[in-house]
Amino acid sequence: MTRSQILGTGHYVPPKVVTNFDLEKMMNTTDKFIVERTGVHRRRWAEPDQSASDLGAEAAKAAVADAGVNMSDVDLLILNTITPDHADPGCAFFLQAKLGLAGIATYDIRQQCTGLIYGMALADALIGTGQYRRALVVCAEMLSKRIDCSDDGRNISILLGDGAGAVVMGPADGDGRGVLWTGLHADGSGAKALYTAAPGSALGRREHLTHEDIDAGRIHFRMNGKEVFENGVAGMTRAAKEALDANKLALDDIDVLIPHQANLRMLEAVVANVGAPAEKVFLNVQEFGNVASACLPIALDQARKKGMVSKGKLVLLVAFGSGFVWASALVRF
């Protein structure tokens, strides 16, 4: 099978900056508490009239331009989001229309914060068959529209930001660059540690959504912080070590480690467990907060633009999300 490579990257974050001091006016929290617990100082929030596909379209256009190809060259679109424009149909259709890509194959995946790696693995496999030559993988999130300012929701709301990131993938040139390996895992027994109960079909009733769901907060994220933190640290540590072991590599062989930007305290624990030196780890959670699946492609694009990731560098991507789901990828640029 043909190996694929990343041809271009791009990201978009809204211009509106929301500080911890802004959140102090919205919910029962403080800047000191947020920084101590999460390391987050700021995040970006989109405007009310913007949607996930709007953000995704900007990131997609940036990635296509960076790849040096035309949008019309794209023959496969994969979108991951947990904040779709509408309940149905899939958000990828709305993004497809905004990009002018009528007629091509689209996938709408929901692999939470591991969306980039799962999307890359899917694109890699499909490119490997020879059926597709230019895959656009987009992760877009509008988490500010899922903010719950109550005491029940603030443990996750203080983390959340908006943004989108994208990569363009195509057949590798045969010079050693490309997606060398991906490892994908999940364990649904932990799904309710971080989930939104309503609307849904598993509520034991005929109605999809009720006023009582709204009043009871079932429409908002609910998180068992301790369980998510412990599993997040374990999952990303395991994913990183699996990538190294499966490919008979040592940490010294890795040029850059880019983890899902979940929470600075979680990342500090993962980095310590893996034993990665600080100068090899790219972090931006302090500035953008947790943007769910968009974290990883935003960080990857920023790392490239800042020169940390360049031609020949071996990059290890690791992520963990609700579900639970965890994944890793080795990419030679």
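Buried means under 20% relative accessible area, exposed over 50%, and partly exposed in between (1.4 Å probe, protein chains only). The model is predicted: local features need pLDDT of at least 70, side-chain atom pairs count only at pLDDT 80 or more, and totals for chains, interfaces and linings use all residues. Residues are numbered from 1 along each chain as its sequence is written, and side-chain values use heavy atoms, leaving out hydrogens and water.

**View 1. Asp-85 and Lys-98 form a salt bridge.** The term means a side-chain nitrogen of Lys or Arg within 4 Å of a carboxyl oxygen of Asp or Glu. Here the N to O distance is 4.0 Å. Asp-85 sits in the loop between strand 4 (76-80) and helix 4 (91-99), and Lys-98 in helix 4, so the pair ties together parts 13 residues apart in sequence. Helices (H or I, at least four residues) and strands (E, at least two) are DSSP runs, numbered from the N terminus. Lys-98 is partly exposed, at 38% relative accessible area.

**View 2. Arg-218 meets Glu-212 in a salt bridge.** Their N to O distance is 2.4 Å. Arg-218 is partly exposed at 29%. Glu-212 is also partly exposed, at 44%. Salt bridges with shared partners join Arg-205, Glu-212, Asp-213 and Arg-218 into one network.

**View 3. Strands 12 and 13 pair in the antiparallel sense.** Strands pair if DSSP finds at least two bridges between them. Strand 12 (residues 314-321) and strand 13 (residues 325-332) have eight bridges. Val-315 stands opposite Val-331 in strand 13.
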